[in-house]
Amino acid sequence: CPTGINLTLDHIVPIDILRTFGVDVDREIIEGNYQILCYRCNMFKGNRLDFSNPKTKEILLRLLEKI
């Protein structure tokens, strides 16, 4: 988002989805799973995957390799 105001930290792969992969989100950090979004864009994305971001697929593939 080009606004650059009300910036928030967003999980590219949301916490609820990480939990389905067995990730202990309180103790484990998934490298590269963060992005900066304005509050409005973060709320719009919500708890969903955004496959327009190439990192989404990359992170999911790494999680699948752990299973």
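In these legends, a contact means heavy atoms within 4.5 Å. This is a predicted model, in which local features need pLDDT of at least 70 and side-chain atom pairs count only at pLDDT 80 or more, while totals for chains, interfaces and linings use all residues. Residues are numbered from 1 along each chain as its sequence is written, and side-chain values use heavy atoms, leaving out hydrogens and water.

**View 1. Asn-53 and its partners.** Leaving aside neighbours within four places in sequence, Asn-53 is in contact with Ile-12 and Gln-35. With Gln-35, the side chain of Asn-53 also forms a polar contact of 3.1 Å (a pair of N or O atoms within 3.5 Å; within protein, one must be able to donate a hydrogen and the other to accept it, and residues adjacent in sequence count only if both atoms are side-chain atoms).

**View 2. The loop that holds Asn-53.** Here you can find Asn-53 between helix H2 (39–45) and helix H3 (54–66). Helices (H or I, at least four residues) and strands (E, at least two) are DSSP runs, numbered from the N terminus. Thr-20 lies 33 residues from Asn-53 along the chain, and their C-alpha atoms are separated by 21 Å.

**View 3. Is Asn-53 buried or exposed?** Asn-53 counts as buried because its relative accessibility is 15%; buried means under 20% relative accessible area, exposed over 50%, and partly exposed in between (1.4 Å probe, protein chains only). Across the protein, buried residues make up 28% of the 67 residues.

**View 4. The surrounding fold.** Stepping back, the protein has 3 helices and 2 strands, which follow the pattern β-α-β-α-α along the sequence.
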